[in-house]
Amino acid sequence: MNLFEEQQHEFIPRHIGPNDTEAKEMLKAIGVKDLVELIDRTVPASIRMSQSLNIPAAMSENEYLKHIHEVSQKNKIYKNYIGQGYYDTIVPSVILRNIFENPGWYTQYTPYQAEISQGRLESLLNFQTMVSDLTGLPIANASLLDEATAAAEAMTMFFNMLNKDHDHISRAKFFVDKEIFPQTMDVLITRAIPVGIEIVVGDYHTAKIDSSYFGAVVQYPNNIGAIEDYRDFINKVHKAGAYIVMATDLLALTLITPPGELGADCTVGSVQRFGVPLGYGGPHAAFFSAKDEFKRNIPGRIIGVSVDAQNNRALRMALQTREQHIKREKATSNICTAQALLANMAAMYAVYHGPDGLLKIARRIALLTKTVAEAIEARGFDLVSDHFFDTITVIVDSIEAYKAKAESQKINLRYIDNTHIGISLDETTTIEDLYDLINCFENDTNPVAFDIYEDTGSHHIPPSLTRNTEFLLHPVFNMHHSETKMMRYIKMLENKDLSLNTSMISLGSCTMKLNAASEMMPLSWPHWSKIHPFAPGDQTKGYHFIIDELSKYLCKITALDACSLQPNSGAQGEYSGLLTIRNFHKANGEEYRNVMLIPISAHGTNPASAVMAGMKVVVVKALDNGYIDVDDLKAKASQYAKELAGIMITYPSTYGIYEETVKEITEIVHHYGGQVYMDGANMNAQVGLTAPGLIGADVCHLNLHKTFAIPHGGGGPGMGPICVKNHLAKFLPGHSSEVKLQTSENNSTISGLTFHGAVSAAPFGSASILLISYGYIRMLGYEGVKTASEYAILNANYMRAKLEKDFDILYTNHHGECAHEFIVDLRPFKKSAEIEAEDVAKRLIDYGFHAPTMSFPVPGTIMIEPTESEDKKELDRFCEALLNIKKEILLIEEKKFDIKDNPLKNAPHTQAMICNSQWEHSYSRERAAFPLPYISENKFWPSVARVNNTYGDRNLICTCKPVSSYMDQEA
C-alpha cells in the first residue's frame, strides 16, 4: 500500500483497537496462527460470504468531511412555518457544545448501573419534573421515541387496563379527534389494527362516547392551531368509564391551562422545541405523563429517588419489573429504550432558561403570531379559529398563488388542503421575518406594514384556558442562568457518569463501539440540523441521497433486497418486521397465520413485539450447549403448521455462538410456510463474513446504534431499520398521505384495513443520525467493515482465552470458540462465598469499569462484548480486574475476608467512604479503592455507594422535591 492508499485507509486503524503487533500476541494466546484460522474456526463454512461486499472503498476522514459537506449543500434551508409538531429552535451553545457534541454525554448506555450514572439520572429526573410541572400530572417517564408512538403507547395502556382478557375484548373502541396531527393518526392506526382496537375518528363536539369505548385522544392546541376547551368532552369520556390522553405542547403549556387541571388522565407530546434540532425528523424526545393510578403501567423508563448503602440520596431506574425484559410475552409494550440524550438537552434547556425565560419565549411567539394573524385578517382573509398560541390556519380560495409567492421568498408554509394554509411561528421567528411572511398574503401593490403591540395579556388565549399555576419552582430551574454556572452544572453531572471516554463498556448484546468524532460532527451543521421532516422534496435532496445510499449499503450487507429506515429504535424495527410478515400473510389470504416461534434465549423485546403485532408466541427450547433444540423446533413447526407465521432468531445467538444448524432451522420454518425474522442485535459479528439473506432470513432489523456506530446516548437515540427480501418489499412501513375511512353516523371507523402504516412520527425516523452510519460505512469501506467484524471476534476470543482458566465460560462452539461475545458463569460463587453477579458488577466499578450485561440471557452470569474498538491494553486491564476479583472471592472462601463485610459486598466504594476517619472493615482502604496499580493513574470515583432498589420502589418519588419541602426541612 503506497502513502496515498494508506491515507485513504487511515480510519480503519483509528476505529479498530489492536494494532498488528497486538493482534499477533492475541492470536497466539487464543492458540491460532492468524485471523483467517480464527474466523474459519468460528464462523460455519456453510454460511460464509464468498466475495467482498459490493459497497464503496474506504475514505480518509478529511475526504469524508469534504464529501458530506458537499452532500449537505443539496439540502435547502428555507424559513419554516410548517409546524405540525416540529419547530425550529435555538439550541443554547452551552448545551450544544457540552452535551450534544460531548462524548461524556452521548457514549453511555442506559443507566442500569445506577452508581456510575448519577449525572444523567439527575438530568432525567429534571426532565420528569419539567414534564410533570408543565402538564399538571404527578408522574412522568424519562422520555419515549416520538409524539406519535407516545400517543400509541397511551392508547395501548388504556386498552390493557380496561380489557384484561384479550380473547374477549369488551371495550374495543378508541376515539380520535379529527384535528390530531396526521402523523399521530397514522401511527395510532398501525398500532391499533393488530391487537383488535377499533379506531373511531370524529369531531369531539358531536362524538357519542359509550361503554364500548376504552379511551380517547385530543390535540391541545390542535392540528389547525385552535385552543379548544375539552372539559365537557373529558367529563363525557370519564362518565363512560373510559380514559383520555391529550397530545400537547410544553411551550404552549406555559401560557394555557395544563391538561392535568382539565381532568386528562395522561399527556403526550414532543420536547423537540426545547432546544433539540429539527434534523429532518429526529432524534427528538417525546414525553409521557399520567395520573398516579397509572404508575405501574406507564411504558418506558421512570427515574426514581432512593438511598444508597450509606443512607445518602441516590437515583435509579424505578419499577423495573414493569419491563418487557421480565414480562416477555405478557408485556404490554416493547419499549426498551428512550431518547435520553435529547431528553437531557430539553431538560437543560429548561434549567438554562428557567420558568421566566420559557414564559418570555412563549410570550414572544404568541405576540408575533397575534401580529401575523391580525395583519392577515386586515387583508381580508378569515382564520379558522380566533383562539391560538403559535399556529393559525388561513382560509384561501386556492393555495397555488400563495404557495408560489412563499417559495419565491424561501418560505415553507403548511398546505393543509387546497383552501387552508397553516402558519406556525417559533422561537427563531423575528420581527423582521414578519415582513416576508405577511407579504405572502399581500397583493404586491402595497408595502407590507403591521403594528406590534407588546401587551401583558395572553393575546388570543381564552381567559377560561389561561394558565394560573406556577411551574418549575425547584431550585435547579432557578439558579443556572449564566453560562458559567450552566457549564459547571453540566460538567458536575458529567463527572458522575462513566462513559466510553473513561473506559471500555463491555455490555454483551449492546456493542459499545467507538462513535468517531468525524461521524458525529456533521450533525451540528445547519444544512443537516435545520431541515423540517415535512419540507418539500426539492429542499431535501441531500437527505435523500444519504437515505438512498445507506439503504443500498444495508441491503448489500444483509444480502436482502429492500430497506425501510423509518423505525427509530431496535424494538420498533422488530415490530415493523413482524408487521411486514403479518401483512404478507394477510395479502396471501392466510391471515390465520399468527403463531411466532421464539427461542427461549431471545431478548425480551422479541415476544413483546410479537404480541403487539397480534401474534401468539410459542417458545422453542434450547439445548444444554445453547443451541436451538432443532427437534423441538420441528415438532412445534409441525404442530402449528397451518397457523405458523414465522420464527424470530438472533444470529449469532444470544448465547454468543454461531449455530451450525441455522440453515436447517430456516429451512424447517420455510417448509411449513413461515417467514424467518432475524434480530440484528448481533450483526457486528456478521458484516462481511456472512449475511441474514445467505442464512435464510426473509426480514432483518439492524441496530444502527450498535453495529453501525450511532452512540447510545445514555439510553437513546437509536435506529432500527429493516431490510427484507423482494416478496416482502411492498409491505414495508410508510406514512399515508390519505387514509380512506368507512363513514358511520357521527364518526369514521378504521378497522380491518390492509394498511402498511407508519411506525414512527417522521417519514424517515431519526433521520439526522443516519449520517453517522453512512459515515461509518464510507470511512471503513468494504474492507474495513469486514475487518471490524473479524476484530470483534478476535477481541472476544482473546478475553475468553484469558479468563477461561479461572471462570466457567458457558457456551462455545465445537472448536471452543465464541462469536463476538461470551458468557461468564458466576453462579458457583453464590454457593462458595455468597457472592452474586451483582456483587461482581458493583466491584468492577472500583476497578474503573462498567459491568458487562448482568443475568441475560442466563441468570447469575455476565455477558462480555468488547467490540473491535478496544485495544489489547484495555482488554488486559479488564481481564486483570476480573481475575483479581476472583482472587478476592477466594479470600472469602478461605475465610480471610468476612462473608458479609468484604470488598465485593460493600462495593462500590465512594471517595467519602475511603476518606472517612472511621474505617471498620476487615480489609484496607487501599484494597477497597486501589486494588490494582493501574487504577491510581486514572481513578473513577462513583458518586454514590450501592443503591437500594427496594427502598426506591416502596417510596416512589419521580420528580425533584418542591421548594416547600426544603423549607420544611429547614424549619
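**View 1. Strands β26 and β28 pair in the antiparallel sense.** Four bridges join β26 (residues 822-825) to β28 (residues 861-864). Two strands count as paired if DSSP finds at least two bridges between them. I823 stands opposite M863 in β28. The model is predicted: local features need pLDDT of at least 70, side-chain atom pairs count only at pLDDT 80 or more, and totals for chains, interfaces and linings use all residues. Residues are numbered from 1 along each chain as its sequence is written, and side-chain values use heavy atoms, with hydrogens and water left out.

View 2. Helices (H or I, at least four residues) and strands (E, at least two) are DSSP runs, numbered from the N terminus. Axes are lines fitted to C-alpha atoms, for helices over the stretch in contact; angles run from 0 to 180 degrees between N-to-C directions.

**View 3. F441 in the largest nonpolar core.** This core holds 244 residues. A nonpolar core is a set of buried Ala, Val, Leu, Ile, Met, Phe, Trp, Tyr and Cys residues joined through side-chain atoms within 4.5 Å. M130, F233, L413, I423, F441 and L554 touch the most other members. Helix α14 (residues 340-378) gives the most to this core, with 23 residues. Beyond its neighbours within four places in sequence, F441 is in contact (heavy atoms within 4.5 Å) with residues including I376, R379, F381 and Y402. A second, separate core of 45 residues includes L145, A152, L188 and V201.

**View 4. The buried and exposed sides of helix α6.** Buried means under 20% relative accessible area, exposed over 50%, partly exposed in between (1.4 Å probe, protein chains only). In α6 (residues 93-100), the buried residues are V94, I95, I99 and F100. They lie on the same side of α6 because they cover an arc of only 155 degrees around the axis. The arc is that of the directions from the helix axis to the C-beta atoms. S93 and R97 are exposed on the other side. The cover over the buried residues includes α7 (103-106), α14 and α17 (483-494).

**View 5. Helix α6 crosses helix α14.** Their axes come within 10 Å and cross at roughly 145 degrees. V94, I95, I99 and F100 in α6 meet L341, N344, M345, M348, Y349 and Y352 in α14.
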